[in-house]
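This report goes through one protein model, from its helices to its core and a few single residues. The sequence and structure come first.

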Amino acid sequence: MRGKRGGGTFHIEDIQDAVELALMRSGEHEVARAYVLYREKRAQQRAGERAAAAAAGTVQPEAVIHVIEAGSRQPLDTAGLRQVIEAACENLGGEVSAEPVFVETLKNLYDGVPMEEVYKSAILSARALIEKSPRTAR
């Protein structure tokens, strides 16, 4: 993989998924299994750390993501982005929720991202959730 179409970036979990797949395809099933277990253990540790920090009231604020729009750098309007995604999900039925799309979109952004990439990220995030399973993409 040389890069994402349109100049985007890869999320670390996408890279880890590709590593798992490559290990399995190359017949390294034991290594792939160990890698899957390691990833799950780390995910549980991170979740525990977040829960402990929240209980202690020491949750660190999310890093501010800046976007480039019309040649200027400004903080991402997350409330506005959430509204755009919610509007796109309106009237699609009770099984469609904007929140997972919003969360996945934010995961794929980086500081200094062009605003047009933010919208592409939202579209690709929705697509990825649909491809998982439209019934479980909540």
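Just after helix H3, Asn91 has a positive phi of about 60 degrees. The model is predicted: local features need pLDDT of at least 70, side-chain atom pairs count only at pLDDT 80 or more, and totals for chains, interfaces and linings use all residues. Residues are numbered from 1 along each chain as its sequence is written, and side-chain values use heavy atoms, with hydrogens and water left out. Helices (H or I, at least four residues) and strands (E, at least two) are DSSP runs numbered from the N terminus.

Gly27, which follows H1, also has a positive phi, near 85 degrees.

| Helix | Residues | Length | Span | Expected span |
|---|---|---|---|---|
| H1 | 12-25 | 14 residues | 20 Å | 20 Å |
| H3 | 78-89 | twelve residues | 16 Å | 16 Å |

## Overall layout and confidence

The protein has five helices and three strands, in the order α-α-β-β-α-α-β-α along the sequence. Of its 138 residues, 21% count as buried, where buried means under 20% relative accessible area, exposed over 50%, and partly exposed in between (1.4 Å probe, protein chains only). Contact means heavy atoms within 4.5 Å. Of the contacts with a separation of 6 or more, 50% are between residues 24 or more positions apart.

The predictor's confidence in each residue is given as pLDDT, from 0 to 100. Its mean over the protein is 81, and 82% of the residues reach 70 or more.

## The core

A nonpolar core is a set of buried Ala, Val, Leu, Ile, Met, Phe, Trp, Tyr and Cys residues joined through side-chain atoms within 4.5 Å. The largest one has 15 residues, and Val67, Leu76, Leu81, Ile85, Leu109, Val113 and Val118 touch the most other members. H3, helix H4 (98-107) and helix H5 (115-132) each supply at least two residues of this core. Its largest share, four residues, comes from H5.

In H3 the buried residues are Gly80, Leu81, Ile85 and Cys89. Thr105, in helix H4, touches Leu81, Ile85, Val118, Ser121, Ala122 and Ser125, not counting residues up to four places away in sequence. Thr105 counts as buried because its relative accessible area is 0%.

Arg73 lies in strand S2 and counts as partly exposed, at 47% relative accessibility. Leaving aside neighbours within four places in sequence, Arg73 contacts His66, Val67, Ile68, Asp111 and Gly112. Arg73 and Val113 are 40 residues apart in sequence, with their C-alpha atoms 9.2 Å apart.

Ala70 sits in the loop between strand S1 (66-69) and S2. Ala70 counts as exposed because its relative accessibility is 82%. From Ala70 to Pro114 the C-alpha distance is 9.1 Å, across 44 residues of sequence.

## A charge over a ring

Arg82 lies over the face of Phe102, at 4.0 Å from the ring centre. The rule asks for NZ of Lys or CZ of Arg within 6 Å of the ring centre and within 35 degrees of the ring normal.

Methods
Expected span 1.5 Å × (residues − 1).
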